[in-house]
Amino acid sequence: MEEWTDVCADADLAEGAMVVVGDADDPVAVARAGGRLYACDDTCTHEECPLSDGMLTDGEIECPCHGSVFDLRTGEALTGPALESVRTYRVRVEDGRVEVLIDR
Amino acid sequence: VSTPTTSDLGASITVEALEADPFPIYARLREEEPVCFVPAVGLHLVTRWDDVQHVATHPDVFTAEVDASPLARTLGRNVLTVDGADHARMRAGMDAPMRPRAVEGYAPGVIEPIARRHLDAIADGPGAELMSTYCEPVSVLALGAVMGLGDLDADTLRRWFGDLATGGANFEQDPGKQAVADATSAEIDARVDPLLDQLEREPDGSVLAHMLAADATRAEVRSNLKLILLGGMQEPGHALGICMWALLTHPDTLARVRADGGLVRPAIEEALRWHSPVGTQTRQVTRPVTLSGVDLEPGDAIAAVLASANRDDRHWAEADRYDVDRRGAHAAFGLGAHHCAGAPLARHEVRLPLEMLLDRFPRLRLDPGHQVELSGWEFRAPTALHVRWD
């Protein structure tokens with residue numbers, strides 16, 4: 001059975017905002033960018049900075065420390081220094097709540 | 001240190017051939033000897049993507065603390081030639097003002113007026129040589145302003161980085177080249193020390209003030225400043241020249257970039273992958289290790305060739321092609337903990353002047369009267385880039 005994690009009320013996640021959920025050792029960032037919801041690992045694969053402190057653009061997230069850019073759809077590292085992808089997760093809105101499926 | 005075994009291929013490689021065009025040499029090395037001792041530069045060249053990545057991300061085996069480093073010899077012990085706690089300590093002072101968000105805040109206000117002034121100066125003619133009239137002066141003046149270097153003129157700054165680069169790439173230990181670099185290094189100390197004294201008394205928020213406030217000795221700040229002068233002044237200008245050359249030699253791509261501003265960033269990243277301005281990350285082996293079947297001994301000096309990793313067909317499809325639609329992170333800013341600290345600023349220093357140049361001159365093209373030549377292997381760029389816009 002799929003176990004969805006509650007994130008926040010749909011109305012509380014504004015355009016361009018991010019919320020961090022899940023295990024403190026391996027958190028997940030949930031973002032709304034360009035009207036779409038995304039979720040990916042919050043930890044940059046370069047030097048473990050929190051991506052949720054970085055900048056969101058349409059479909060991409062930039063690490064605040066060294067500027068690595070990840071594709072929010074696929075998790076692919078588009079710009080170094082990070083080379084490894086981040087994992088991405090399914091997000092949905094159920095009964096007005098944003099939920100993420102952390103299925104790793 | 002053992003004397004490495006030299007193959008016929010390794011022995012055949014000269015500094016002159018590397019500087020003229022290293023890419024055919026790298027292609028042959030990747031295929032035949034991906035870890036190859038080249039006596040002309042005293043280094044094992046590591047040329048495949050996977051090996052370059054491995055070297056750059058295993059500092060316990062491949063340390064940046066290289067005994068015979070021309071960079072350390074020329075600049076003094078600096079952030080690029082130390083690992084571990086010393087690296088973290090020195091890096092902290094320069095990282096804070098180079099965070100992407102911080103750079104986003106100050107970079108356009110510094111770069112755009114400088115670029116506009118230099119465009120104004122050349123716009124009345126039918127064309128210009130871009131490296132000396134635009135790419136390099138804008139690069140050095142922008143960095144000088146960000147660092148807080150005061151009113152040093154562009155020609156002085158260009159000479160400084162050129163002379164430091166001569167020493168920094170002097171793997172062949174040519175005494176004449178070293179003398180040039182050492183004289184300029186002394187000149188820089190004499191000019192900058194009073195400024196450092198003043199910034200120590202009255203910090204002004206500049207990068208230099210951050211570096212002085214961090215836990216570093218005066219000698220380390222001097223050395224790191226010279227590293228920044230070399231890397232930060234020379235390389236963004238070289239990168240801009242390479243990007244312009246890539247676009248001007250690929251008119252279809254240039255037309256697409258002109259039509260869609262969203263393609264400027266990918267066009268720049270792909271140019272830096274395709275013709276990486278900084279050639280290598282130099283490392284020294286700390287314990288016996290085997291890389292691509294080659295046994296390396298403690299003390300062996302390694303060049304992880306970024307410019308070659310970025311052309312490895314094992315990692316990139318059609319790696320020799322300039323393709324703005326390509327995706328994936330390249331190695332041009334280095335890999336691992338020593339990834340370029342100034343990359344976010346450098347990307348602004350390339351993108352903003354490039355956009356302004358294209359906007360200013362809708363008919364920009366290469367001058368058919370001049371052949372474009374690129375030179376260098378450790379630091380590579382067009383020696384001149386003659387264009388016309390009439």
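Student: Where is A:Pro81 found in chain A?

Tutor: In this predicted model, A:Pro81 lies in the loop between β8 (77-79) and β9 (90-94) of chain A. Strands are DSSP runs of E of at least two residues, and helices are runs of H or I of at least four, numbered from the N terminus. Residues are numbered from 1 along each chain as its sequence is written, and chains are lettered from A in the order in which they are written. Local features need pLDDT (the predictor's confidence in each residue, from 0 to 100) of at least 70.

Student: What makes the bond between A:Gly80 and A:Pro81 a cis peptide bond?

Tutor: Its omega is about 10°. Most peptide bonds are trans.

Student: Why is A:Glu48 called exposed?

Tutor: Exposed means over 50% relative accessible area, buried under 20%, and partly exposed in between (1.4 Å probe, protein chains only). A:Glu48 has 65% relative accessibility, so it counts as exposed. This residue sits in the loop between β4 (36-41) and β5 (55-57) of chain A, and its phi is positive, near 65°.

Student: Why does B:Gln173 count as exposed?

Tutor: The relative accessible area of B:Gln173 is 57%, therefore it is exposed. B:Gln173 belongs to the loop between α9 (154-168) and α10 (175-201) of chain B, with a positive phi of about 55°.

Student: Why is chain B called as compact as a globular protein of its length?

Tutor: The globule rule is 2.2 Å times the number of residues to the power 0.38, and the radius of gyration is taken over C-alpha atoms. For 390 residues the rule gives 21 Å; the radius of gyration of chain B is 20 Å, close to that value, so the description holds.

Note on methods. This is a predicted model: local features need pLDDT of at least 70, side-chain atom pairs count only at pLDDT 80 or more; totals for chains, interfaces and linings use all residues. Side-chain values use heavy atoms; hydrogens and water are left out.
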